[in-house]
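Student: I would like to learn how to read ring pairs and helix contacts in a model. Can we go through them one by one?

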Amino acid sequence: MNVAHPFREGNVRSMRIWLDLILKQELNQVINWSKVDKNDYMLVMERSPVKDTEIKILLKEALTSDIYNIKIYMKGIDVSYYYEGYSIYKT
C-alpha cells in the first residue's frame, strides 16, 4: 500500500490505519503502535519492498487483542504523526 500510493504525505499514516482495520477484521487483533520504535519501523519500512520479513516480525511483536481499547487506537494516531515528524498534533 505504501509503495503503490502516489502521494508521499499521509501514506504511512493511511497505511497504518488501513492495516489495523484489516488485522482487526481478519485476526481480531490490532497493532499497539506505542510498542513499535520509530527508528526500527522506518528502517524496516524502507526495506519492506525488497524483503518483508523484518516488518512482519516487528509488527507481530506489537499485536494486541485489545481491539476495542480507544486509548490504543488514539495513541496509534498520535504515534503516526510522531513517526512522520509532527509533534504538535495530539488526539
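The dialogue below takes up ring pairs, a helix contact and one lysine.

Tutor: Some ground rules. This is a predicted model, where local features need pLDDT of at least 70, side-chain atom pairs count only at pLDDT 80 or more, and totals for chains, interfaces and linings use all residues. Residues are numbered from 1 along each chain as its sequence is written, and side-chain values use heavy atoms, leaving out hydrogens and water.

Student: How is a pair of aromatic rings described?

Tutor: By the distance of the centres and the angle of the planes. Rings of Phe, Tyr and Trp (its six-membered ring) pair if their centres lie within 6.5 Å; planes under 30 degrees apart are stacked, over 60 edge-to-face, the rest tilted. A search of the whole structure finds 1 aromatic pair. Trp33 and Tyr41 are edge-to-face, 5.5 Å centre to centre with 80° between the planes.

Student: Is Trp33 buried or exposed?

Tutor: Buried means under 20% relative accessible area, exposed over 50%, partly exposed in between (1.4 Å probe, protein chains only). Trp33 is buried because its value is 2%. Tyr41 is buried too, at 0%.

Student: Which residues make the contact of α2 with α3?

Tutor: Contact means heavy atoms within 4.5 Å. From α2 come Asp40, Tyr41, Val44, Met45 and Arg47; from α3, Glu54, Ile55, Leu58 and Leu59.

Student: And where is Lys75?

Tutor: In helix α4, residues 70-83; helices are DSSP runs (H or I, at least four residues), numbered from the N terminus. Lys75 is partly exposed, at 39%. Its C-alpha atom is 6.9 Å from that of Ser34, 41 residues apart along the chain.

How values were computed. Helices (H or I, at least four residues) and strands (E, at least two) are DSSP runs, numbered from the N terminus.
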